[in-house]
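I opened this model to look up a few things about its fold and one annotated site. My notes follow.

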Amino acid sequence: MPAVIVLGAQWGDEGKGKATDQLGQRTDVVVKFNGGNNAGHTVVVDGEKYALHLLPAGILSKGVTPLIGNGVVVDLSVLFDEMEQISARGVDCSKLKISAAAHIIPPYNRLVDNASEKLLGDKQIGTTGRGIGPTYADKMNRIGIRIQDLFDPPTLEQKVRSALAQKNPLLESVGMETLDPEEVTRELLSYADRVRPMVVDASLLVNDALDEGKTVLFEGGQATMLDIDHGTYPFVTSSNPTAGGALTGTGVGPTRIDRVVGVAKAYTTRVGEGPFPTELTDEVGDELRKRGGEFGVTTGRPRRTGWFDAVVVRYASRVNGLTDLCLTKLDVLTGYDTIPVCVAYEVNGQRLDEMPMNQSDFEAATPIYEEMPGWSDDISGVRTFEDLPQKAQEYVLRLEELSKCRISSIGVGAGREAIIVRHAL
């Protein structure tokens, strides 16, 4: 397992943190390659729950070098707060490394994020307001600020002034406070000495590790259906959480990757706005939300819930070239008499077995369900596939068939140990 990408195969919150944590126990380097503190991973170790936002999940595994890649946007105040909180619980953060090319979320982009949503009115994207989108936009507009700029004060100040020349008029137009370039520069420079020991050439570190025969795990934030290119645009994140993003977000070539592991819940959830064909807006959805504890790690927002959408996961398998699927939260479905599974869509009277090409068709899609029989036995203590109730086995095998990717592991509880391994990675 020298180089493995782990990513979300739905709309996020699938349990990638747990999957990364489990694989990370056999890994030398865990690199986060996209996103920022707009999403979180929950990992339970020895009964203790850890909510991670910017830090790679590999930070919880001893002997692992956790790395924040160049594809991540970093809010330095959040990073150091998170490090302090997790260090106070006995977690060693001394090995954390960060790419010199990673972009910084400056204070003004948090304000711009909220201002932009305000201007959209009822057409809001539903962002977390943490400045992620504006920072990625600055990156593409070539006015972004990178970690390495903290060590060149004149260049940093010039970049801040140039950015605020564009941002302040927007803030003023919606009645928000404008910012002083000198104050922003001073705030950013206050982090320079603390971050300096962590800064590395991420591409060199990862490629050297692979050359030495070490194992590297690439940890994705968000998920396939939130990808800026391949997701439900414009209701997406501003980065590439798909497999290709692991390459550009770290600085490795495609020939170095051995496995691509997708993580999917045994049902489906989504946070924020945008189309969601299998969404349950009734008491069934409310019950599924309660059973699964479906509330955002970062925002606390209740997640939208729905049945498993095989069209979405099949699409994720194709876009990412998945070699394996980790199915999570199967235990949440215990107790249902029947469990619907979306196998296709109906759009304008036509059946579609694959993802619609046009966003408007996806928004108009209604699910075509296949009813699977449920089970009532508690499966939280089961550790082998053969010991699952027969109906639970049939459910997993049907999802595997529909997803066109083998299901290598099955989560049956929140803990690190609550997993059934069918195929070792």
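Which side chain does a polar contact of 3.3 Å join to that of Arg303? I found Asp13 as the partner. For a polar contact I took a pair of N or O atoms within 3.5 Å; within protein, one must be able to donate a hydrogen and the other to accept it, and residues adjacent in sequence count only if both atoms are side-chain atoms.

Ground rules next. This is a predicted model, where local features need pLDDT of at least 70 and side-chain atom pairs count only at pLDDT 80 or more, while totals for chains, interfaces and linings use all residues. Residues are numbered from 1 along each chain as its sequence is written, and side-chain values use heavy atoms, with hydrogens and water left out.

**The annotated site.** I checked UniProt, where an unreviewed entry places a "binding site" at Val297, Thr298, Thr299, Gly300, Arg301, Pro302 and Arg303. Such annotations may be inferred rather than shown by experiment. I located Arg303 in the loop between α10 and β13. Helices (H or I, at least four residues) and strands (E, at least two) are DSSP runs, numbered from the N terminus. Is Arg303 buried or exposed? Arg303 has a relative accessible area of 5%, so I noted it as buried. Buried means under 20% relative accessible area, exposed over 50%, partly exposed in between (1.4 Å probe, protein chains only).

Pro302 lies in that loop too, between α10 (283-292) and β13 (304-306). Leaving out residues up to four places away in sequence, I listed its contacts (heavy atoms within 4.5 Å) as Arg289, Glu294 and Phe295.

**The whole chain.** I counted 13 helices and 20 strands. The C-alpha atoms fill a box of roughly 65 × 50 × 40 Å along the principal axes. Of the 425 residues, 56% count as buried. Among contacts between residues at least 6 apart in sequence, 75% join residues at least 24 apart.

**The cores.** A nonpolar core is a set of buried Ala, Val, Leu, Ile, Met, Phe, Trp, Tyr and Cys residues joined through side-chain atoms within 4.5 Å. Which residues touch the most other members of the largest one? I noted Phe218, Leu333 and Tyr395, in a core of 59 residues. Helix α13 (residues 390-403) gives the most to this core, with 5 residues. A second, separate core has 38 residues, including Leu76 and Val160. I then followed Phe218: beyond four places in sequence, its contacts include Val4, Val6, Phe33 and Ile257.
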